[in-house]
Amino acid sequence: MGRNPTTLLRKFHQARWDEPIILEMSTPGERGVLVRQAEKAVQTEVGDGLSAIPAGLRRTTSPQLPEVNQVRVLRHFMHLSQETMGTDVTIDISQGTCTMKYSPKVQEHIATRHPGMADVHPWQPESTMQGLLEVIYKLDHFLREISGLDRFTFQPGGGAQGVYTGASMVRAYHAARGDRDRSEVITTMFSHPCDSAAPATAGFKIITLMPDKMGYPDVAALRAALSERTAAIFITNPEDTGIYNPRIQEYVQAAHEAGALCYYDQANANGMLGIARAKEAGFDLCHFNLHKTFSVPHQCMGGSVGAVGVREDLAKFLPVPTVEFDGRQYFLNYEASASIGKIRSFFGNPQSMLKAYAWIMQHGADGLREAAECSVLNNNYLEKKLSEVPGVSVHYAADKRKLEQIRYSWEKLFQDTGVGTEDVMRRMADYGLQHYWMSHPPWIVPQPFTLEPCESYSKDDLDEYAAVLRQISKEAYEDPELVKTAPRNQVVHKVPEPSIDEPERIAVTWRQYLKKK
Amino acid sequence: MIKEKTVFPYIPNSAPEVKAQMLEEVGASDIMDLYAEIPERLRFPGRMNLPEPILDEYSLKRHLTDLLDKNQNCMDFLNFLGAGCAQHFVPAVCDEINGRGEFLTAYVGESYADHGKWQALFEYCSLMGELLDMDVLSCPLYDGAQAAATSVRMAARINGRREILIPQTMNPETHQVLVNYCKPDLSLAEIGFDPGTGQMDLDQLSQEISSQTAAVLIENPSYLGFLEPAAAEIGNIAHDHGAEFIVFTDPICLGVVAPPAQYGANIVCGDFQPLGMHLQAGGGQGGFIATRDDMKYVSEFKDLMFGITETIQEGEYGFGEVLFDRTSYGSRERGKEYTGTTTGLWAITAAVYLSLMGPRGMEETGRTIMQMSQYAAKQLGKISGIRLAFRSPFFKEFVINFDQSKKTVVEVNRLLLEHNIFGGKDLSRDFPELGQSSLYCVTETKTKEDIDRLTSVLNEVI
């Protein structure tokens, strides 16, 4: 029958395989795969090979890995994949701030299957990986144009590691100037938690600015916090709320006047491509998550790339190696005078860089801008649709245009019905949509949820998404228990206490579970 | 001819009719109305200077293929490079599972709709726990180097001390990452090695260790390939001084080599790239940290942990976050270091790999690597002008020295390249004390014929 054309709802049930843990599936003697044995002649020459291992270092008891035949292993993990709601199978507007855009298959296939990517060793001579270095070099130049900054590194394996790289460069910058008292970093409550945690890991004391009544970080508080101890400000704009802070230059200028650097967390820059850049707002450093704005798949949380860009005078602090071109050949340069050294082994995740390169090459300047415009248009359209859903509100700046995402609130629904945002979240997937993301703690916005309908979603997708939230709101008003006891049509039932923190209950491995159950 | 507006297949609402209709619905006459909050002076004037796009899929595919065709690769060339990233057998089922769209494109969904992801990552921890003979792992880290860095910071958080002792033979990349991570408040001191064996100088260790030592970290097998027979003794020395004993290991050896937990390691870390990941020019790395079930350690992990529990349906497994406040998602700067997107898909792949291998597969792989690498060392050692740098037992990698040949590693590798062979990693820059030495990596992917070919070419060029 298909989706109901009036309500836009589906009769959905997710795969439910009641799948055991792989360690319960062992049949002694079964083999999942046979592995290569050394040739007879080799065995004759060196024996069993194991007698060379010093006595105290020989493994004497076999690891208690399961013994499972191949097709059963395959089926098991196929079942687990079916019990996972990736963006390839759902309208993933839900994970706001994460930019769950379509990761085009053409680039995926080439990045994973071409031996010129899959089977390249990172220590190969430069002359044997010219294609790869060319991709990295050109991607650097693309991002320079997109950000207005002067130089990028792709070494960090994710956004948070990108922020850490930025914080390490901030530390090196002040140290190089002999400015050793700059021990503080200022960030904002609506910036990602890594904007406070990564600089803290790099040794900085963190000052967090709270939002004012409009939802902007308080500019008076910023001025009060800035001093000769401030090393940098690490901020996002727009923040999680989706509201662009039009006074951003004031923040940047105030920080610069205090001698601090300005780091722009552009993990998600999806609404800004070709519209506004880090450079014009005065930032010294920024980063893009290639798995958000630039289409690299999220891969159950990585690997990806946090691409960090800097102004020319900070380029000497970038991690090594950088990729250069001498007019004939691409090469790796390990000789940066003041480099922070290394953040991750080798060059990071080149397969992700290739995918981002491919995505930019398919769109060009106009296509990138089209992506930004449509993401913002989608967001405003969805906001309009959700404004008609009872119980939903936009917490901040309801009268202002938002960019690519919005932090909504179910506070009214909660007050009216006792159904909170976590209940609605669990219920979402009963209609075939990924659970939405609420907010990092603390919840400044009560009963929050954060949606980001990026350019990958059609008008019809947005209508269906809104219809599901409307339906759940209706259920909350008519039969709150229905929502509170969700999920119903998903892989498993509700977990009564989703946080398991008592030592006697913590079981993060199967052997721990067996010991404690 | 009028140039038609491009409708991008990945941007459904770029179709002009739809876009116009939606603009009308949101009450905007122009798309820039929606950007009203961005002041004019902060807007980017004009059009970005990017290459003209390759709009059609076929041409893009050609373009990318042409680019990657410029690379040589380790299937067409005979590869002996390792040094932190090694060419191992990847079962087809690993690629099948990590290519599944559901896993490929999932992210941070909750344990209901994404139950399968949570279970797969729980199984990664469980299988690694068996291999390592340890109880507790978190979700994966970025790579082995960062796992080592977080391990030493965990140790320092546990005992409040500030000095870390590491081997001078350590992987230079890991070392550089450690230097960066330790900068705020930890100091690193290197312990030298016996020039004949490469093994740690225990006298120096005993002299350097003190009540200030937070941890002693060793690599076993070491970066230079040799095994550390005195590992247990090093652990004892660390423990006698109240320091944590951290061992960085190569998980693919653990079918035949004792897991560090069995010789006293408190924290075990490493890189699980060998367990089912292709080389990808270093893009297949993934870090792990494992400890015993002791809250002293469990509380210091920085990454997400997925605990198994039951749902309201009796006997049904469910999952939940464990000690979420450890992470920076939960506690911002008060979390243990920073938490982020790391290498989830590779962890799932490693789970598939270990499930396929089972105990026998790991034992046999370990044995084949021991045999093939010993065979290779033996053959190369016979070549005049080449000698094995260390007389220690080794796993997978070993150092050969070219000093007597009067050739540099650069020269040798250039000659090998002419025969479509990637010679070993040149150590002359990172370890000048080893002279013209090179680190050769021989895994189960190398046949007798491969090694004989290398031997014959080396014989010819030296």
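Helices (H or I, at least four residues) and strands (E, at least two) are taken here as DSSP runs, counted from the N terminus, and a helix is expected to span 1.5 Å times one less than its number of residues. The model is a predicted one, so local features need pLDDT of at least 70 and side-chain atom pairs count only at pLDDT 80 or more, while totals for chains, interfaces and linings use all residues. Residues are numbered from 1 along each chain as its sequence is written, with chains lettered from A and ligands numbered from 1 in the order in which they are written.

Helix H12 of chain B, residues 344-381, is a handy place to start. Its 38 residues would reach 56 Å if the helix were straight, at 1.5 Å a residue, yet the end C-alpha atoms are only 41 Å apart. There is a kink of about 95° at Gly358(B), shortly before the proline Pro359(B); the bend at a residue is the angle between axes fitted to the seven residues ending there and the seven starting there. H12(B) is also mostly covered, with 33 of its 38 residues buried. For burial, C-beta atoms are placed from the backbone, and a residue is buried if 20 or more other C-beta atoms lie within 10 Å of its own, exposed if 12 or fewer, and partly exposed in between.

Among the buried residues of H5(A) are Leu132(A), Leu133(A), Ile136(A), Lys138(A), Asp140(A) and Phe142(A).

Strands count as paired if DSSP finds at least two bridges between them. S5 (residues 261-265) and S6 (residues 285-289) of chain A run parallel and share three bridges, and Asp265(A) has His287(A) in S6(A) as its bridge partner.

Two residues are in contact if their C-beta atoms, placed from the backbone, lie within 7 Å.

Zooming out, chain B has 14 helices and 15 strands, and its C-alpha trace spans about 80 × 55 × 50 Å along the principal axes. Of its 462 residues, 64% count as buried. Of the contacts in chain B with a separation of 6 or more, 71% come from residues 24 or more positions apart. Strand S9 of chain B (residues 306-310) has four of its five residues buried. S9(B) pairs with S10 (residues 317-321) of chain B in the antiparallel sense over five bridges, and Gly307(B) stands opposite Gly320(B) in S10(B). Six residues sit between the strands of this hairpin, and Gly315(B) takes a positive phi near 85° there.

Between the chains, the contact takes 182 residues from chain A and 182 residues from chain B. Helix H11 (residues 350-387) of chain A gives the most to the chain A side, with 22 residues. By class, that side has 92 nonpolar, 61 polar and 29 charged residues; Ala, Val, Leu, Ile, Met, Phe, Trp, Tyr, Cys and Pro count as nonpolar, Asp, Glu, Lys and Arg as charged, and the others, Gly among them, as polar.

Lys448(B), in helix H14 (residues 448-461) of chain B, reaches both chains. Leaving aside neighbours within four places in sequence, Lys448(B) is in contact with Glu39(A), Ala41(A), Val42(A) and Tyr375(B). Lys448(B) has 18 C-beta neighbours inside 10 Å and so counts as partly exposed.
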